[in-house]
Amino acid sequence: MTQDKPVSAMAMMFVVVGNMLGAGILALPVNLCAAGLLPSIAATIVMWLLMTYTALIYSEQKSLTTNEHADLPTFFKEELGSIGKWVTIVANMILLYGILVAYLAGISSIIMSLQSSVSQPVVMTLYFLVVTGMTAFGMMMMKKCTPYMVTAMWITFGMLVFMVVPDVSSVNLAKFDWTYVPAGLPVLLMAFHFHNIIPSICRTLNHDRKKIRTAIIGGTTIGMVMNLTWLLVVLGALPLSSPDGIDLITAFGKNQPATIPLEMLLKTPAFTYVALAFALIAMSTAFMANGTALMSFMRDLTVTYAGTKNKTLVWCLSFIPPLLVALIYPDIFLVAINLVGGVGECIIFGILPGFIVWKYSKEGSFRKMTGIILILCFSAIFLIEVGQELGLLHISPDVEYWTHHTH
């Protein structure tokens, strides 16, 4: 279907940034705090290169981008057989459910840090009703609202950075330890997540290769600059550990977004409300995008395996499970993000695109080598995350150690 008015690459760049900047950016400094600034910058740039490359790989898959009803499980069944299909289904469930759980837990914990008169389950349920109501309008509302929401996100982000900069201390930025970098890699993956909207971007831009590349590379570059800026100001303003508990290790131990210890540090109502506005806009934009993707995914599953398109059933299967998990485990914010990045994202948007490049590239070519590099890099992140979840590895900072050995 051709559009009367061609959409610019810039408009789709906004959509990419709106999808990227959700919970990932708020969790990034907390998860990478023990690594320090220099290792965090290096890891962010490497992840930007890897995730931009896998996004470009997906944008080149005609069978995925030209068919409006194509979905990832069907695509990978054709590419890698029924194992590919089922791996994709499981990874996509972890990814989309986990993201919605993280947003619900993250927003409710930020609101709870500002007030105590309304209980967390009530706060979470009210936010859930509003944001799922907005999601019901799907891509139509997203395309219209995203440029305004991203602009508001940039304004509030700029205000946050401006307010935090005076508290940045070179002492906080001086410490670093490369051994803690792996602990932050799943969250970094999440901070560059927008791949599930690539087919929609390609169709909206009428499969114009130049515009698609501009939208993807431009969007991820803007996202990278924002992630790096945020890392610099948060790691510079907050100490790793302190006797009063206003520090990054305490936030890590409590599964909190970075804005909560910053509110305690700055103690200004202006910062508190701007931080809340930024978090609400960033997470709600991303919730709508991922909620739309989850409903589309559930519709495919119910049609294929239950023979029904019942809208109520699709809505319930999409949104009730993440709400229940978030209500039962309200402090699951960082855990959910690690699981999403280290398992769901890693498989679908890291390892599987690597297999596609490896499968279709000439023997001995540089491109085939890049496919192998993708498979190895993302498999390593996957194994680290699974090892941490199963208790076989312990790379994350030890909260007990840091809080009892403050200098």
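Predicted model: local features only at pLDDT ≥ 70, side-chain atom pairs only at ≥ 80, totals over all residues.
Good morning. A search of the whole structure finds one cavity of 30 Å³ or more.

The space inside the largest cavity amounts to about 40 Å³. Which residues line the largest cavity? They are Gly245, Asp247, Thr250, Ala251, Lys254, Gln256, Pro261 and Met264. Two elements, α12 (248-253) and α13 (259-266), each contribute at least two residues to that lining.

I turn now to the packing of helices. Two packed helices are described by the angle between their axes and the distance between the axes.

The crossing of α5 and α14 is left-handed. How do the residues of the contact of α5 with α14 divide? There are 25 nonpolar residues, four polar ones and one charged.

The next pair is α3 with helix α16, the latter spanning residues 333-360. Here the angle is about 65°, and the axes are 9 Å apart. The crossing of α3 and α16 is left-handed. On the α3 side, the contact is made by Met51, Tyr53, Thr54, Ile57 and Tyr58. From α16 come Glu345, Ile348, Phe349, Gly350, Leu352, Pro353, Ile356 and Val357. Taken by type, the residues of the contact of α3 with α16 are ten nonpolar, two polar and one charged.

For the chain, the mean pLDDT is 83, and 92% of the residues reach 70 or more. Which element of the chain has the highest mean pLDDT, and which the lowest? Helix α3, residues 37-59, has the highest, at 93. The lowest, 43, belongs to helix α18, residues 399-404. Over residues 399-407 the pLDDT is below 50, and in the model this stretch has twelve contacts beyond near neighbours in sequence.

To close, I would ask you to keep two items in view: the cavity of about 40 Å³, and the left-handed crossing of α3 and α16. Thank you for your attention.

Notes:
Residues numbered from 1 in each chain as written. Heavy atoms only, no water. pLDDT = per-residue confidence, 0-100. Helix = DSSP H or I, 4+ residues; strand = E, 2+ residues; numbered from the N terminus. Contact = heavy atoms within 4.5 Å. Left-handed = near helix turned anticlockwise from the far one by under 90°. Nonpolar A, V, L, I, M, F, W, Y, C, P; charged D, E, K, R; others polar. 1 Å grid on protein atoms, 1.4 Å probe; cavity = no way out; pocket = protein on both sides within 12 Å on 5 of 7 lines; lining within 4 Å. Points joined across faces, edges and corners; volume = space filled by probe spheres on them. Axes fitted to C-alpha atoms, helices over the stretch in contact; angles between N-to-C directions.
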